[in-house]
Amino acid sequence: MAYILCDFYSRSLGKDTVIHMIFPEYGQIGKKKIKICTLLHGQSQDASFWIRRTNIEQIAGEENMAVIMPEAARSFFVQMPNERNFQIFGPYVSFFIKES
């Protein structure tokens, strides 16, 4: 399995964010269709929780599955006030739909 940690600037969020990704080995690609699973972390965790505390990498390998684990801090994965202006709602939903 390939593990990728991507730290990048999100135009939707207007700030840096992180996405953790797991991909099947190169030899597995093309043999079967690759499934895609998006895992969302809980309020008291971050995206690395799935790598550190579960066997998701093993499951992804067995199921020939790519796993995407976006970071959302304490946004509850919904539109919510951002850190700069509490009267403007941060575009977390747009981020997950367009950039993840």
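Colleague: Where is the place of N64?

Modeller: This is a predicted model, where local features need pLDDT of at least 70, side-chain atom pairs count only at pLDDT 80 or more, and totals for chains, interfaces and linings use all residues. Residues are numbered from 1 along each chain as its sequence is written, and side-chain values use heavy atoms, with hydrogens and water left out. Helices (H or I, at least four residues) and strands (E, at least two) are DSSP runs, numbered from the N terminus. N64 sits in the loop between helix 2 and strand 4 (65-70).

Colleague: Is N64 buried or exposed?

Modeller: Buried means under 20% relative accessible area, exposed over 50%, and partly exposed in between (1.4 Å probe, protein chains only). N64 has 3% relative accessibility, so it counts as buried.

Colleague: What is the phi of N64?

Modeller: Most residues other than glycine have a negative phi. N64 is not glycine, yet its phi is positive. The value is near 50 degrees.

Colleague: How many salt bridges does the structure hold?

Modeller: A salt bridge is a side-chain nitrogen of Lys or Arg within 4 Å of a carboxyl oxygen of Asp or Glu. D46 and R52 form one, with their closest N and O atoms 3.6 Å apart. E63 and K35 form one at 3.1 Å, N to O. The count is two.

Colleague: How many residues apart in sequence are the parts that E63 and K35 tie together?

Modeller: The side chains of E63 and K35 meet in a salt bridge. E63 lies in helix 2 (residues 56-63) and K35 in strand 3 (residues 35-38), so the pair ties together parts separated in sequence by 28 residues.
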